[in-house]
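Visitor: I would like to learn how to read a site and the strands around it. Where do we begin?

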Amino acid sequence: MTTKNTRPQGDDTVKPVALALQGGGMHGAYTWGVLDRLLEDDRLTIEGVSATSAGAMNATVLAYGLSKGGADGARKALHDFWRAVSHSADRYNPLRWAPWLKGTHSFGLDHSPLYAFADMMLRVFSPYQFNPNNLNPLREVLENQVDFAALRKHCPIRLFLCATNVETGKIRLFTGDDVCVDAVLASACVPTLFQAISIDGEHYWDGGYMGNPAIYPLIYNCNTRDIVIVHINPLIRRGVPTSAAEILNRINEISFNSSLMREMRAVAFVTELIQQGKIERGEMKEMLIHSIRSDDAMCTLSVSSKYNADWDFLCGLHDKGRHEADMWLMHHYRNIGQRSSIDIRREFL
């Protein structure tokens with residue numbers, strides 16, 4: 001994995017940022033790479049993280065690693081977590097990516113007859129039928145990698161994990177003493193794969209339906225005005241999908257980006273009011289939005305690769321994330337605390 005630091009010369013000011021981490025299955029290893037590079041740069045401090053699904057797992061492991069050993073501890077914790085995910089898939093996941101498929105369809109599982117069969121069965125049977133004991137290997141991985149009691153006692157950042165209430169359709173943010181293994185699993189509960197997670201009599205599905213991730217807790221609860229969004233789901237995918245799998249994948253990408261785009265519309269509206277002098281700057285907070293994303297790279301990955309925990313694939317995603325974060329630091333570090341590094345209206349509206 002890449003460790004080269006191409007840190008730009010000049011400004012060495014330590015700047016606080018808040019992070020917003022999207023979900024996207026095993027593609028979350030891309031976010032691992034982004035975090036790895038950001039943690040390596042001692043000019044940044046992370047004040048808070050809002051995260052969903054795979055992003056929630058990254059955020060929780062990040063927070064625990066920071067509490068145990070600072071930035072270096074967080075980098076190690078993230079590496080160990082993703083390594084454990086890969087090992088778990090070797091043991092439990094029947095959809096393992098076969099070595100003879102190397103070089104085919106971007107590490108996807110499309111060439112696997114078992115994947116095709118499982119994909120068909122998931123459209124017919126629910127997890128209450130094919131997994132009545134509600135087994136989830138990620139629970140074991142999380143419990144082995146994170147001491148949740150210790151994290152609740154001393155969490156070095158403001159941590160917000162997003163889940164969707166099944167019955168009300170409202171977003172639920174798990175933070176502070178509510179952070180536990182069930183909260184992380186709730187945030188990552190894909191309803192076609194896992195039974196709804198029950199917490200205090202309420203049931204939850206993946207947070208991506210209502211906040212992927214939610215931005216508002218960072219606005220309300222963090223002092224920094226700078227929010228760095230780490231994207232996994234492409235905002236732009238050229239061409240019209242024609243196969244059933246491609247259509248469903250694009251529907252999911254659009255729906256999982258919709259809540260973020262709505263919040264960006266509100267941020268853009270308030271920003272314009274402040275900049276036009278219609279609201280005093282002291283009355284409302286002018287947010288500075290930054291974005292780390294690789295739409296072109298993510299668009300080359302098939303939807304089936306979200307289930308691929310092959311270590312080489314995860315490391316490749318990690319390296320892509322590191323590279324993109326490195327480029328972002330090189331070109332936009334100077335914007336932190338000064339201005340948004342993206343045109344919010346053009347990118348989201």
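**Reading the site and its sheet**

Guide: Serine 53 lies in the loop between E2 and helix H2 (54–92). Keep in mind that this is a predicted model.

Visitor: Is serine 53 buried or exposed?

Guide: Buried means under 20% relative accessible area. Serine 53 has 8% relative accessibility, so it counts as buried.

Visitor: Which residues does UniProt list for "active site"?

Guide: The unreviewed entry lists Ser53 and Asp206. They span 154 residues in sequence, yet no two of their C-alpha atoms are more than 6.2 Å apart, so they gather at one spot.

Visitor: What does the side chain of aspartate 206 make with the side chain of serine 53?

Guide: A polar contact is a pair of N or O atoms within 3.5 Å. Here the two side chains make one at 3.0 Å. Aspartate 206 sits in strand E6 and is buried, at 3% relative accessible area. Beyond four places in sequence, the residues touching aspartate 206 include Thr164, Cys189 and Phe256.

Visitor: Which strands does E3 pair with, and in which sense?

Guide: Look at the sense and the bridges. E2 (residues 44–52) and E3 are parallel, with five bridges. E3 and E4 (residues 171–174) are antiparallel, with four bridges. E3 and E6 (residues 202–206) are antiparallel too, with three bridges. In that last pairing, alanine 163 has aspartate 206 as its bridge partner.

Visitor: Why is E3 largely enclosed by the rest of the structure?

Guide: Count its buried residues. Seven of the eight residues of E3 (residues 158–165) are buried, so the strand is largely enclosed.

Terms used:
Residues are numbered from 1 along each chain as its sequence is written. This is a predicted model: local features need pLDDT of at least 70, side-chain atom pairs count only at pLDDT 80 or more; totals for chains, interfaces and linings use all residues. Side-chain values use heavy atoms; hydrogens and water are left out. Buried means under 20% relative accessible area, exposed over 50%, partly exposed in between (1.4 Å probe, protein chains only). Helices (H or I, at least four residues) and strands (E, at least two) are DSSP runs, numbered from the N terminus. Two strands pair if DSSP finds at least two bridges between them. UniProt positions are given in the numbering used here, feature names are shortened, and annotations may be inferred rather than shown by experiment. Contact means heavy atoms within 4.5 Å. A polar contact is a pair of N or O atoms within 3.5 Å; within protein, one must be able to donate a hydrogen and the other to accept it, and residues adjacent in sequence count only if both atoms are side-chain atoms.
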